[in-house]
Every structure is written in C-alpha cells, then in structure tokens.
Amino acid sequence: MVIKTKFDLGLKTVREGIIEEDVQVKLGFETELHILDLDLRPAPQEIVQRIIGKDPTGRSTELCGNQIELKTDPVNGFDIDKLFQMLSTQEDRLNQDLAEEELTTIRIGALPNVNPHDVIVTDYERYKIVPTFHDQRRAKHIETKLGGVDFACAKSVGLFSSVQLNLQAKTLEDGVDKVNRSLMIGPYVAALTGNARIIDGIDTGYNDIRMIAWERSHDIRAPGITENRVGLPQTYYKDFEDYAQRIRERSFIFDLEDADPMDVLLIGFGLNWRDTRLKIVKDREGFRPVVEFRVMSTQPTIEEDLAGSMFYLGRLQWSQMTNEELNPEYAFNRNQTLRLGMQAQVYENGRLTSGLSDLLSRELLRAEDGLVDLGFDRMEARTYLGLLKARTEPPSQTFAREVKSFGLEEAMNRYMG
C-alpha cells in the first residue's frame with residue numbers, strides 16, 4: 001500500500017504541474033539497432049558501451065548487450081526532409097564509430113541468427129531484475145512457443161528492434177485519446193511495415209512476431225486475469241484516470257519503499273509496455289504528456305522508418321480531425337496483421353474485409369490529408385508515403401524469401417548498415 005500511496009501522490013504532482021500546450025507537431029524518435037561484427041556475431045557489450053559513451057545524449061543502452069538506441073531531442077517542424085537529415089546524420093556518426101571497431105548495424109526488427117535463450121543481457125541491475133521477475137512468475141499455462149520458437153525467457157525481447165515515435169500531446173486527456181486511436185491505427189501500420197519474422201534461423205511465418213513474443217514472454221497473469229501489461233489493453237481507456245489506475249494495479253517490480261513519489265509514478269508508467277503508451281516526461285518547466293507509438297519494427301532504411309512514422313502521424317491526425325469512431329475490433333485486427341501482414345482480413349464498420357490492398361491505399365490517402373492538416377507539404381508527404389504505397393509485401397516477407405533463395409548469411413548482409 002505504501003507504493004500505491006506514493007503513486008497517488010505522484011499523480012497529484014503531475015496533475016498540478018502538467019504543461020498544456022496547443023502544439024501541433026513536437027516529436028522525437030527512438031531507433032533501436034543491433035550491433036554485429038563482420039562475421040554477423042553479436043558485438044561484445046563492452047565495446048558497445050564504449051561507443052554509446054561517445055554520444056551519451058544521442059545514444060543509450062538497451063536490454064540486449066549488443067544493441068544501441070539512437071534518440072533525438074523533441075523537435076518542432078513540418079519538414080520531413082529535415083527530419084531525414086537529422087536521423088541520417090546521427091546514424092552516419094554511429095556507423096563511423098562502429099567502423100573503427102570493425103562493427104556494423106543491421107536494420108531489421110528481429111535479430112535472425114540468435115536463439116532467444118542465448119541473448120546476452122546488458123550488465124546493468126535493472127536489466128537483470130525485470131527479466132528475472134517475469135521468468136520466476138510465468139505460469140505453466142502460458143503458451144510460449146510461437147512459429148517453432150520458444151520464447152519462455154523474458155530476455156528474449158532483446159532480439160527485437162523497433163522505431164518509436166514520441167509525440168507530445170496537448171493535454172493528459174488528449175494523450176489518452178491519441179493512445180486509443182493509435183491502438184486502432186496500429187494494425188494498418190503493422191500490415192505494411194512488418195520486419196520481424198525469422199528467429200534463430202527459423203521462419204516463424206509471422207509478418208511481425210515482435211510484440212506477440214513480448215506478450216508471451218512477459219505474461220505472468222493468473223488464470224482468469226484478462227489484461228496483460230504488454231500489448232493491448234482489454235478495452236479502450238475511458239480517460240486519464242482510467243489509464244493511471246490500470247497501471248496502479250500492477251506490480252512495480254523494483255524495491256521502491258524509500259523512493260520519491262514521482263520516481264514511483266514514472267517507473268510505473270515506464271513498465272507499461274503497450275503497443276502505444278502515454279508517458280509523463282519531466283523537464284525543467286514541468287511535466288509533459290507524450291504518446292509513444294511502439295508498433296513498428298526497425299525498417300530496412302531510414303527513409304522507410306520515416307515513411308512508417310509519417311503514416312502513423314498523419315493517420316492519427318486524420319482520426320482526430322474527423323472525430324473518427326473507434327473500431328471495437330482493434331484487437332482482432334492487430335493480431336491478424338501481425339500474423340498475416342498485407343494478406344490479413346480485418347474488421348471495418350462491423351464487416352470483415354476480403355483484402356487489405358484497397359483499404360491500405362485509402363488509409364495512406366487519409367494519412368496524407370492528416371499530414372497536410374498538421375502543416376506538412378503535400379508533395380513531400382506523398383513522396384514518403386509513396387514508399388509504403390509501392391510495397392506489394394512487407395519487409396519481413398521479402399527477407400524470408402531472400403533467406404530461402406540466398407541463405408541466412410547473405411540475406412543478413414543485405415540489411416547491414
């Protein structure tokens with residue numbers, strides 16, 4: 001009860017100090033990349049940590065010892081080409097530092113040549129505590145095998161890389177509205193951008209197995225408990241109070257008896273691994289509500305990272321500006337597109353569609369209109385969204401075909417930085 005009381009005090013502090021801004025576009029990117037040597041083996045974590053230390057503000061550690069997360073400061077702006085230059089400059093600097101160590105990146109959503117049980121965890125306390133907590137509490141009734149791969153270890157999520165778009169919300173309630181709409185939009189993005197299919201050399205057959213493996217490896221629910229802290233909520237959120245209370249009911253994992261109430265709150269929010277989540281970001285001026293979209297796996301190129309991110313951003317804006325009704329079948333649609341990609345059938349207006357091609361073309365047009373409404377140039381938006389419109393299959397399907405044709409090693413080399 002002490003922890004929950006502190007959480008409530010933290011919530012009170014946030015409500016009193018929240019910064020409400022009528023900001024159209026203030027966003028930041030987090031891009032996860034695995035680091036490999038020239039023989040496609042995971043890089044030693046001591047070297048990875050040294051490279052992170054060369055830019056501690058733009059690079060950070062992850063659970064997996066051979067992974068680096070690139071992160072940007074929040075930026076205002078409506079120029080996609082400038083966003084591309086910012087991201088490419090950051091990644092170019094990383095690649096230069098890696099080249100000096102004879103290392104390289106791989107742009108893919110699932111490290112395809114490592115067994116989940118062989119993941120090397122970064123030697124930080126928090127990366128030991130959280131996986132161990134879940135491994136000790138996973139019930140026997142949880143099915144952890146997916147597509148021929150066993151994910152019965154929480155550290156297995158270290159195999160995965162994603163691109164996370166962080167978008168500042170105007171208010172706490174606007175943040176919750178954005179989260180709800182993102183849960184509905186996510187399946188469209190997943191269908192086009194799936195890039196996590198092959199694990200330990202095994203073709204799982206999934207368009208994108210990343211978030212489903214997260215769910216299974218971190219599922220510690222007793223029989224009869226419906227809502228997991230990973231993936232999707234059981235229902236859309238009613239408001240910010242509902243969002244916060246669902247977090248409050250879960251374990252906080254860490255020993256927080258002596259922690260500050262704000263630390264308790266931020267840890268609770270940080271342990272909420274939804275497809276999209278609302279974060280509270282603290283800065284010198286106060287607290288800002290930030291929506292983090294987590295559905296998209298790292299794409300084969302930076303341009304495609306941006307295309308997927310702009311698809312999401314524009315489609316979210318279209319949903320809000322038209323006051324689109326929330327689709328009650330968001331969970332079915334999400335599971336179908338993660339499994340089947342562009343071949344999935346999804347529910348729209350209460351009906352099961354026969355195919356996604358026409359629907360996705362329409363969704364891309366809606367995203368274009370949404371980006372224009374935000375202030376982006378239509379032709380620039382059309383150019384980037386055109387990268388997705390031109391896809392006849394998601395990247396995961398392309399990679400699986402290349403593995404079958406050329407072998408795993410050659411296919412991986414095509415995705416190296």
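Colleague: What makes β1 and β5 paired strands?

Modeller: In this predicted model, four bridges join β1 to the antiparallel β5, and two strands pair if DSSP finds at least two bridges between them, so the two count as paired. Strands and helices are themselves DSSP runs, numbered from the N terminus, where a strand is E over at least two residues and a helix is H or I over at least four. Residues are numbered from 1 along each chain as its sequence is written. Because the model is predicted, local features need pLDDT of at least 70 and side-chain atom pairs count only at pLDDT 80 or more, while totals for chains, interfaces and linings use all residues; side-chain values use heavy atoms, with hydrogens and water left out.

Colleague: Which way do the side chains of β5 point, and are they buried or exposed?

Modeller: Leu103 and Thr105 point one way from β5 (residues 103-106), Thr104 and Ile106 point the other way, and all are buried. In a regular strand the side chains alternate between the two faces of the sheet.

Colleague: Why is β3 called largely enclosed?

Modeller: Buried means under 20% relative accessible area, exposed over 50% and partly exposed in between, with a 1.4 Å probe and protein chains only. Four of the five residues of β3 (residues 67-71) are buried, so the strand is largely enclosed by the rest of the structure. Five bridges join β3 to β1 (residues 26-37) in the antiparallel sense, with Thr31 opposite Leu70. Strand β2 (residues 59-61) also pairs antiparallel with β3, over three bridges, and there Arg59 has Leu70 as its bridge partner. A hairpin of five residues joins β2 to β3.

Colleague: How do you know that Glu380 has no salt bridge?

Modeller: A salt bridge is a side-chain nitrogen of Lys or Arg within 4 Å of a carboxyl oxygen of Asp or Glu, with Lys and Arg counted as positive, Asp and Glu as negative, and His and the chain ends not counted. For Glu380, which is buried, the nearest side chain of opposite charge is Lys82, 9.1 Å away. Glu380 lies in α12 (residues 378-389), and with contact meaning heavy atoms within 4.5 Å, Glu380 touches Phe78, Asp79, Ile80 and Asp81, not counting residues up to four places away in sequence.

Colleague: What makes Phe7 and Phe269 a stacked pair?

Modeller: Rings of Phe, Tyr and Trp (its six-membered ring) pair if their centres lie within 6.5 Å, and planes under 30 degrees apart count as stacked, over 60 as edge-to-face and the rest as tilted. By this rule the count comes to 13 aromatic pairs. Phe7 and Phe269 are 6.2 Å centre to centre with 25° between the planes, and the pair is therefore stacked. Phe7 lies in α1 and Phe269 in α8, 262 residues apart, and both are buried.
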